[in-house]
Amino acid sequence: MRAKVETVRIDGLPVRLYSAAPAGQLGQDGSPTVVLVHGIGMSHRSFARSQRALATTHRTVSVDLPGFGWLPAAGRRLSIEELGDLVVRAVRSRGHDDLVLVGQSMGSQVVVESARQHPSVVRSVVMVGPVIATGRRTLRQQAFDLARDGLVERVRMNAVLVTDYLRSMRQYLHELRPMLRYRTEDTVAEVAQPVLVVRGDRDPIARREWSERVAAAAPDGTFVELAGPHHVQERQPEAFARLVDAFERAHTPQASP
C-alpha cells in the first residue's frame with residue numbers, strides 16, 4: 001500500500017488530504033476514488049482503520065476539513081453547503097474526478113451536499129450514522145446522545161474523540177449551528193446517485209427509524225446495519241470496507257464487450 005499526505009488551499013481555506021491506495025495506484029487508473037469525510041470535532045483519524053481496509057483494493061482519500069485535525073481554524077462559520085463544495089474541489093485539485101463519497105455523522109451531511117452540487121463527478125454516496133434526526137435538533141439532545149455513545153465506543157475511539165475535540169474546539173463551536181439546522185432528509189431527496197445509509201445497531205445518535213427514513217428519502221437509497229456504535233466504520237473496518245466495495249461494484253456501469 002502507498003500513502004501520502006498533502007495540504008491544499010481552496011479559496012484560502014486549508015484542506016488536508018491523506019491518500020492511500022494499493023501499490024502503484026495513487027494515480028488515475030480508471031477506477032473511482034473513495035473519499036472519507038469525518039464528523040464535527042473529528043479528523044481523518046475517525047477513518048484510520050477503515051481507510052486501511054479500503055485501501056487494500058481502492059484508491060482512497062481521507063479529508064481533514066478546515067479547523068480540524070490540527071489545521072488552523074477558518075475564523076468563521078462554514079455552512080454545510082460550503083463544506084460540500086470544498087471537499088469536492090479539494091479532491092479534484094489532485095486529479096480525482098470519479099468519486100465515491102463516504103461521510104460519517106456531520107460528514108454525512110457534507111457528502112450528500114457534495115453529491116447534490118457536483119452530480120457529474122460523484123458516483124455514489126455512503127452515509128454512516130447520518131445526522132441530525134428530526135425532533136433532536138438541539139445542543140442539549142445531541143450532547144446527551146453523544147455521552148450515551150461514549151459508553152459503547154471502545155477506549156481507542158473515545159481517546160480519538162477527546163483529543164480531536166480538544167484540538168478543534170474553535171471550529172467545532174462555529175459548526176454546531178450549521179450542523180443542527182441542516183435538513184439531511186431534504187437534501188438526500190434531491191440526490192440522484194445511489195445512496196447507502198449505514199448505521200451501527202447500538203448507535204444512540206443516528207437511531208434506526210431516522211436512518212431508515214434518510215435511506216427511504218433518497219431516490220435510490222439502501223439501508224444497512226452493522227453491529228456497533230456511532231463510529232461503526234472503525235468498530236468493524238473490514239466488514240465496512242466489504243460493504244462499501246460491494247455497493248460500489250453493484251453501481252459500477254458494466255463495460256460493453
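Which strand does Arg199 lie in? Arg199 lies in strand 7. The notes below come back to this residue after the overall fold. The model is predicted.

1. **Overall build.** The protein has 10 helices and 8 strands. For 257 residues, a compact globule would have a radius of gyration near 18 Å. The protein has 17 Å, so the value agrees with that expectation. Along the principal axes, the C-alpha atoms fill a box of roughly 55 × 35 × 35 Å.

2. **Burial and surface.** Of the 257 residues, 58% count as buried. Take the contacts between residues at least 6 apart in sequence: 77% of them join residues at least 24 apart.

3. Strand 1 and strand 2 pair in the antiparallel sense over 9 bridges. Arg2 stands opposite Ala21 in strand 2. The hairpin has 2 residues between the strands, and Asp11 takes a positive phi near 50° there.

4. **Strand 2.** How many of the residues of strand 2 are buried? The count is 9 of 9. Both faces are covered. Leu13, Val15, Leu17, Ser19 and Ala21 are buried on one side. Pro14, Arg16, Tyr18 and Ala20 are buried on the other.

5. **Strand 2 against strand 4.** Strand 2 (residues 13-21) and strand 4 (residues 59-64) run antiparallel and are joined by 5 bridges. Ser19 stands opposite Val61 in strand 4. Ala20 stands opposite Thr60 in strand 4.

6. **Thr60.** Is Thr60 buried or exposed? Its relative accessible area is 0%, so Thr60 counts as buried. A polar atom of the Thr60 side chain lies 2.7 Å from the backbone oxygen of Ala20. The side chains of Thr60 and Gln51 are joined by a polar contact of 3.0 Å. Leaving aside neighbours within four places in sequence, the contacts of Thr60 include Tyr18, Ser19, Thr33, Val34, Leu54 and Ala55.

7. **Arg199.** This strand 7 residue has a relative accessible area of 7%, so Arg199 is buried. The side chain of Arg199 reaches the backbone oxygen of Ala206 at 2.6 Å. Beyond its neighbours within four places in sequence, Arg199 is in contact with residues including Arg207, Arg208 and Ser211. Phe223, Val224, Glu225, Leu226 and Val232 are also among its contacts. Arg199 and Val35 are 164 residues apart in sequence, and their C-alpha atoms are 18 Å apart in space.

8. **Backbone points to check by eye.** Most residues other than glycine have a negative phi, and most peptide bonds are trans. Trp70 has a phi near 75°, a positive value in a residue other than glycine. Trp70 is found in the loop between strand 4 and helix 2 (80-92). At a relative accessible area of 61%, Trp70 is exposed. Ser105 also has a positive phi, of about 60°, although it is not a glycine. Ser105 is found in the loop between strand 5 and helix 3 (106-117). Ser105 counts as buried, at 11% relative accessibility.

9. **A cis peptide.** Which peptide bond is cis, with omega near -5°? The bond from Val131 to Ile132 is. Ile132 has its place in the loop between strand 6 and helix 4 (139-150).

Technical notes. Residues are numbered from 1 along each chain as its sequence is written. This is a predicted model: local features need pLDDT of at least 70, side-chain atom pairs count only at pLDDT 80 or more; totals for chains, interfaces and linings use all residues. Side-chain values use heavy atoms; hydrogens and water are left out. Two strands pair if DSSP finds at least two bridges between them. Helices (H or I, at least four residues) and strands (E, at least two) are DSSP runs, numbered from the N terminus. Buried means under 20% relative accessible area, exposed over 50%, partly exposed in between (1.4 Å probe, protein chains only). Contact means heavy atoms within 4.5 Å. A polar contact is a pair of N or O atoms within 3.5 Å; within protein, one must be able to donate a hydrogen and the other to accept it, and residues adjacent in sequence count only if both atoms are side-chain atoms. The radius of gyration is taken over C-alpha atoms; the globule rule is 2.2 Å times the number of residues to the power 0.38.
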